[in-house]
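The notes below are meant for someone meeting it for the first time.

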Amino acid sequence: MHTFVISDLHISDAEAVSQSRPYWKSYKRREMFFDDDFCRFLAFIEKEANGEPAELVLNGDIFDFDNIVQLPVDRSNVDWLAKLRGLGSQEWMSLFKMDCIIADHQQVFMRLGEFAKRGNKVVFVVGNHDMEMHWESVQNKIRTALGIVDTPADEDVRFCSWFYMSGEDTYISHGHQYDGYCSARNLIHPQIKLGGKPAIRIPFGDLCERYLLNGMGYFNPHATSNYIMSGLQYVLFFFKYMLRTQPMLLWTWFWSALATFVTSMRHFMAPPIKDPLEIENRVSAIATAAQVTPSVVRQLNALNAPSACSNPLRILRELWLDRALLFLGMFYFAGQITLAIQFIVPISFWWFLIPLTLFMPFYFVYSFNVNSTVFKTPLLTEKLASLISEITGCSRVVFGHNHQPEKSTVADTEYLNSGFWSPAYSDPQCTHRIGTQTFVWISPQENERRGSLWEWPPGQAEPLPFESPEGVL
């Protein structure tokens, strides 16, 4: 069977054009949609399969629940943070967001449903940005949008918790579970209780987009180079794009970062909702969807990276809150020193600038020596590749997540990264695109299947072999 793997489409709702903020989330505007390209891609798959069933693996972050800020008409049960940054991950909230996505991408769901009805297999692997697909009701809503409910095609559309085994030779996972910033605790039981109500546990990296980047819409979350910068780069970016339309950016960032930190720790520390009598059924269901045995599910679950939230200081550093709190602390102690001297010798309060100035060198030394570690570690290490191969017996691993299309060998295991399709640009105007639309093609050749990496140029009807690392984020 031909297997096609595509990831990181980040399909979301359409952003309305704002006259006062013309570049606000311009990457989400309807003209940036790639729906036509995706539909042509489906037609290409069927042509290459030549009448035989094909397998399409939608490998995580197909939908982006994190950057939807639309709200229902009835807002009586919506808290203040949701009104500012979008709904959380309770079941009704996830269903509402799924409705928003379906309404703006009807062509995608119609063509994908037709693709499944013609006997092709469609596999959804849950990623970190579409964690809310863990709700069974959300999965059913997707099936309804595809038009496959209670049809033979219904059996060929499946949802996998975080991995899928294709053809007994390929392990496919979005890859977020091997990234501490985006890994979620206990995906066997993804639900937690927040404020007494069931919700889906959301990783730190995605809460950053929800509560931080959603309030700073000039930063494109699909391009890490667009929002992970040095202090000087942030200052230059602010004066170039934000000074006129978002002059209180510093305050927006500060309270948003605090909200992100508090919410991240709440999600991380909340115990999972699980019924002891249903644990084995849950593991068996995950195994059946992924085409493995329950023991393989438990072994692979043990490989997941621990969440970065286990080290709160690490989270504070990524949010720049450590530097903010240190700066406020310097002001406080400089003021305390000045007040202590005033008890002895009457001086102007502006003398507090002297101790503050003495603190500044230490502050700058610390600040310049703190660097982000996001995506600094490879998703697939030699140790991880060896363990995956030993547990699953596969000879090939396919990831997505980091938006870096790649084909290499890691510890005698063939590694492919399917890259991304989401619109990534280096500027808020969306004039300089980063990367290209890529996918993995695993094709039968003689007595084995071979994996290759391809790109789908926007507006074209045929792919090209991906040979250049141009545009890697």
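How do the residues of the lining of the second largest cavity divide into nonpolar, polar and charged? In this predicted model, that lining divides into six nonpolar, four polar and two charged residues.

**Cavities**
- A search of the whole structure finds four cavities of 30 Å³ or more, and about 120 Å³ of space lies in the largest cavity.
- Of the 14 residues lining the largest cavity, the closest to its centre are His 10, Ser 12, Tyr 27, Phe 33 and Pro 423, and by class this lining has seven nonpolar, five polar and two charged residues.
- The second largest cavity holds about 60 Å³ of space, and its lining includes Arg 185, Arg 201, Phe 204 and His 267, with helix α8 giving the most to it, three residues.

**Helix α6**
- Phe 204, one of the residues lining the second largest cavity, is also among the buried residues of α6, a helix of residues 204–211 in which seven of the eight residues are buried.
- The buried residues of α6 pack against α2 (80–85), α3 (91–104), α8 (249–269) and α11 (312–318).

**Nonpolar cores**
- Within the largest nonpolar core, which has 79 residues, Phe 38, Phe 63, Phe 124 and Tyr 171 touch the most other members, while the largest share of this core, six residues, comes from helix α1 (residues 35–49).
- Apart from this core lies another of 29 residues, among them Trp 24, Met 216, Met 265 and Leu 319.
- Leaving aside neighbours within four places in sequence, Phe 63 is in contact with residues including His 10, Met 98, Phe 124 and Ile 142, and His 10 is also one of the residues lining the largest cavity.

Key. Residues are numbered from 1 along each chain as its sequence is written. This is a predicted model: local features need pLDDT of at least 70, side-chain atom pairs count only at pLDDT 80 or more; totals for chains, interfaces and linings use all residues. Side-chain values use heavy atoms; hydrogens and water are left out. Buried means under 20% relative accessible area, exposed over 50%, partly exposed in between (1.4 Å probe, protein chains only). Helices (H or I, at least four residues) and strands (E, at least two) are DSSP runs, numbered from the N terminus. Contact means heavy atoms within 4.5 Å. A nonpolar core is a set of buried Ala, Val, Leu, Ile, Met, Phe, Trp, Tyr and Cys residues joined through side-chain atoms within 4.5 Å. On a 1 Å grid over the protein atoms alone, a cavity is a set of points where a 1.4 Å probe fits but cannot get out, and a pocket is an open set with protein on both sides within 12 Å along at least five of seven lines; lining residues have an atom within 4 Å of a point. Grid points are joined across faces, edges and corners, and a volume is the space filled by probe spheres set on the points. Ala, Val, Leu, Ile, Met, Phe, Trp, Tyr, Cys and Pro count as nonpolar, Asp, Glu, Lys and Arg as charged, and the others, Gly among them, as polar.
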